[in-house]
Amino acid sequence: MRARKITLLQCLLPLCTLFLQVPAQANTLSSKKSTEKHIEAGFTQQPTSQTACNGSSVQFKVTYSDATVLSYQWQKNGNALLNDGNISGANTSILTINPTGENDNAAYTCVVTHSTGIATSEEAWLNNRIESVSGATTCLNTTASVSVVAEGNAPGYQWYRANGNSNNGGSIIQGANLATYTPDTDSEGTTYYYVVVTSNGEACTAVTSSTVAFTVIGSVSAGQVSENTAVCPGTEGTVSISGYNGVAIQWQQSANGLYDWSDVTEGTGGTTDTYTTPGLNQIMYYRAVVNGAFCGTDTSGIVSVTPTYTYVWTGAVNGNWHVAENWSCGVVPTTINDVIIPSATIYKPVVAEGQADAKSIIVQSGTSVTVETGATLHLVNIILVEEGGKMTVNNNAALVQDNNTANNGEVTVLRDSNPLFRLDYTLWSSPVSGQKLQDFSPATASNRYYEYKYANGTNGWVEGYWAVDPTSNFNAGKGYLIRMPNGDATTGYNEGTSAITYNGTFKGTPLNGTIEVPLSTQNNRFTAVGNPYASPINLEAFFGANNGKLENGTGIYLWRKKNNAEISSYVTVTLAAFTANAGTVTATGDEPEDAYAYGGQDQAGYFAGNYSNWTLSQGQGFIVKTAENAPSTLLTFTNDMRRPAPQSGGQAFFRQAQSTASRLWVNLTNTTGGFSQAAVAYMDNTTTGIDYGYDGKSIADASSIAVYTVAANNNLSIQARPGFTLNDTVQLGYNAVTAGTYTLKLDRRDGVFAQGQKIYLKDNIQGITRELSENAYSFTTDAGVFNNRFEVLYTTTEALSIDANNFSANEVIIYNDSNGINIVSDTAEISQITVYDISGRQLYTNGSINDIKTVIAGLTVKQQVVIVEVNTIKGKATKKVLL
C-alpha cells in the first residue's frame, strides 16, 4: 500500500509537527519504488509522505511487530542517513528532519533488521523532486509538447513562458497545469519555457525547472557561413554558421569544393555551429548540413580554409630578414612564399648578408626594404612597391628575379664608380626604367652625355660617341658614356689631381625579363650596350644567348681609363681572360704599386678561376661587335643570365674556384705613360683559330700603343689556344705611336706558368731570345705597327744573348723628340755619328761615342729632313729623320 497523504498545515511557531494518518491514496505523477528491496508484512505502520514548507520540522515513523527488532536504518533516496545537522533519529523508528530545506525533498525508507531477517519499508516523500524537463522542435503547425518528470508527494504543475532564456520572471500560462504542455505552432521561432512543481498545491514547496527550448521550424535553413580564412601551414582553422534553423548540424569537407564531400572526422566541433579543422597544409573546403528532423535539411554555402604561403613581416625581434620570429608564421620565407612588408612595424627588413628568397614581394606605403652590399634578394615573380614605399639595393648588392613578370613601383639601385678624375668617363647602363640621364649625374656638364652610333655630322658619317639630350631617359640595355661631375668639394678634384668615387643612384621600376637591344650593322658594327638588371650577369650565359649575333672574336669591351689619349679606352673580357688597358708608369718605365688603379687591372682578380662564374656587375655598360650578316640583330638579355651578389661585397671574386686554363699576360709600356696588355690562354675546347666567346680582338686605335697576339690574321687582345704544348709559338705584335724605348713585361700567370714553366720572348730583329718569366725586356723602336718582331716561346735551344756575327740596320733606332735626336743600338757599340742635310752638306759629326745610345742636342737647323749615318763596331746604318 502507498503511504497515506499527510498535510503539514501552516504554523505560526518555528517548529510545528503533526502526525496525522489519513486513509487516502497519495496523488503523485510517479513514485519511485525500489523493486530490489525486501518489504515484509511485519510493518504495522508504514512511513507517510509529507508536505512541508522549508524551515519546518517533519517526522517519518515506522512500527514493526512480527519479530524482535535489532536495529533501524533510515535511507534517503536509497542512501543511509547519519545523525548530523538537521537529521536525528536515523537509527530509530522515528526519523526527524528539523529544519527542512529544498535539499531534503526526497524519498525516505527505513530498513529494519530483526531476529529473522531484514525488512524495508515503503517509500515516503517529503515534497517533490524534478527529475527532468524536455523541450521540443517541430515543424510549423505540427503539434509538439514540452514536458517534465517529477517525483514526490502529490506534485502539482504550473508552466511559464520564459523571459528570454531565464527561469525567473516568466509569464504564467493559464491552464497549463499538467506534466506536459502543448504550445501553439502557428509561427516559427524558438520560445523558452519552464515549470514550477509544488506539493499538494502548497506554494512554499515550489521547485522550479531549468528552461527548455521549444522551436518551430518554418523551413530548415543553414543560415550564413563564415568568410573564407587563411592559416599558416600546418595550423588549424575555424569555420562557423549563424542564423540557422534546424535541430542538428554536420560539417562536411571536400578537397576541391565541387564534389567528393564527406563528413568531417578530424578536428573538433564537427556537429556544432563552430568547427575547428585539424592542421592543414593544403586548401580545404567546408560546408554545414543543417537537419530539421522531419522538416528536411539545408546545406550552407562553401567556405575555404587556405594554408597561406603569404608571409607578412612583423619585425617583432629586429630588422634581420633571416630571423624566423620576424615573420607572421614564424618561418623565414622561401621561393614558395609571397611576402608582404606592411607599414605598421617598428623594425624594417634588411637583407644584410647571404640570399633572401621569396615568390614575390609587396612593399606597402610607409615602409622599406634594404639589400646591403654583398647580399641578394631573390624573387621568383614580381616586385610591387606601393607609392610611399621604398626598396633600396645598395652598391654591389643584387636583386635577382626568375620569371618574366612586370614589376611595379620605384626601386633605388646604388652603384659606385671606380675612383676617377674630373675629366674621366664611365660607360653606364641603367637597371631601372624611367631614369633620366641628367638626374643620374646632375653635376656633369650638359654636353658630356654620349651615346655610341654611326651618324652623319659636320665631318660626314662618323662612328663614335655622339652627344645625347641629357633630359632623355636611359634605354633598357643601352650603354651611355657620362663624364664625371664638373666639380666636387674633394681637395684636388677640381684641379684634376685627386680622384673620387661617384656614387651613382638609379631610381625607377627595376627591369626584368627578356630585354632585346638593336645591334648596329653599319660601318664597324660596334654597339654600346649594358647590363640591364639590378644584379650581375654571367658572361658565359651572355655569350651563349647571343651566339651568331656577335662577331666571332668579339670581346666585351669596357671603358676603363684615366683620361689619356695615348692609351686605349677599353679593357677586354672574354671567357678566356681579362686584359687591362692602362697602367701608370714613371719616366724610367717603372710601375708603382697603384699602376693599374685607373686602367681596369684592379678588376683582374674578378676574372680568375673558373670562367663559368665570371660576371659583369649591375650598371655596367660595354661595347660589342655585331657579326657580319647576323641572322638576328637583336642582342638578348634574359633572367637566366642573372646571378647573386658575391658576398665579398665587390664584383664576383672567384679566386677559390679552380681553372684548367694556363694563362699569361704581357704588358707593353713606354716612358710617356702609354700602356697596353695582351693575354694568351691555353684551355680546353678552343682552337688556334678564332673561337667565339673566348678570343677577343684588339680595338685599340692607331693613336694608342697596343700589344696583341696574332692569329688567323687578327690582332687579339685575348687569344685562346688549345691545351698547352711545350713547342707552341705565339706571334706577338705591337703598335708604337712614337719612336722610342718600350718595355715588355710579364704581368701575371697561372696554370702551368705559375708552376715553373718558362716563358721566353724572341726578338727577331735583334736576334735575341730572353727569358720573360722573371725579367722585363726593353727595346727601342720606330713608330708604326710591327707584327713580326716578337714571338713568345716556351722552350729554346738558342743562346740567350746577342749573335755577334750578324748586323742589321733595323737594330739601330733613330727618332726625334724634345730632347733632340735619339740614337739607340742595342746590339752594337756606336763609334761615330754624322748628320747631313738633304743636299749632302754635313751638319754634325762625333767620332767618339763609344756607347750603345746617345742624343744629339742643340742642332740648330730649320725644320727639314736630315740624314743620320751611324757607324757601329758591327756595321753602318743610315736613316732619314724629320726635325
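## A proline in a loop

Pro 99 sits in the loop that links strand 9 to strand 10 (107-114). Strands here are DSSP runs of E with at least two residues, while helices are runs of H or I with at least four residues, and both are numbered from the N terminus. The peptide bond leading from Asn 98 into Pro 99 is cis, with omega near 0°.

## What kind of model this is

You are looking at a predicted model, in which local features need pLDDT of at least 70, side-chain atom pairs count only at pLDDT 80 or more, and totals for chains, interfaces and linings use all residues. Residues are numbered from 1 along each chain as its sequence is written, and side-chain values use heavy atoms, with hydrogens and water left out.

The score called pLDDT is the predictor's confidence in each residue, on a scale from 0 to 100. Its average over the chain is 86, and 88% of the residues score at least 70. Where does pLDDT stay under 50 with 86 contacts beyond four places in sequence? That is the stretch of residues 1-39; a contact means heavy atoms within 4.5 Å. Residues 583-602 also stay under 50, and for them the model has 52 contacts beyond four places in sequence.

## The chain as a whole

The chain holds two helices and 74 strands. Of its 883 residues, 49% are buried. Buried means under 20% relative accessible area, exposed means over 50%, and partly exposed lies in between (1.4 Å probe, protein chains only).

Among contacts with a separation of 6 or more, 65% join residues 24 or more positions apart. The chain exposes about 38,300 Å², and carbon and sulfur atoms supply 46% of that area. Accessible areas come from the Shrake-Rupley method with a 1.4 Å probe, and for residues only the protein chains shown count as cover.

Let's return to strand 9. Three strands make an open, antiparallel sheet in the order 4-9-8. Strand 4 (58-61) and strand 8 (87-88) are at the edges with a single partner strand each, so one side of each has no neighbour in the sheet. Two strands count as paired if DSSP finds at least two bridges between them.

How many bridges join strand 4 and strand 9? There are four, linking strand 4 to residues 94-97 of strand 9 in the antiparallel sense. Within this pair, Val 58 faces Ile 97 of strand 9.

## Buried residues in loops

Asn 127 belongs to the loop between strand 12 (124-125) and strand 13 (128-134). Its phi is near 60°, a positive value in a residue other than glycine. Is Asn 127 buried or exposed? With a relative accessible area of 2%, Asn 127 is buried.

Asn 396 lies in the loop between strand 39 (390-393) and strand 40 (398-401). Phi of Asn 396 is near 60°, again a positive value in a residue other than glycine, and Asn 396 is buried at a relative accessible area of 12%.

Gln 766 is found in the loop between strand 64 (760-763) and strand 65 (768-771). Gln 766 counts as buried because its relative accessibility is 3%. Its C-alpha atom is separated by 9.5 Å from that of Val 812, which is 46 residues apart from Gln 766 along the chain.
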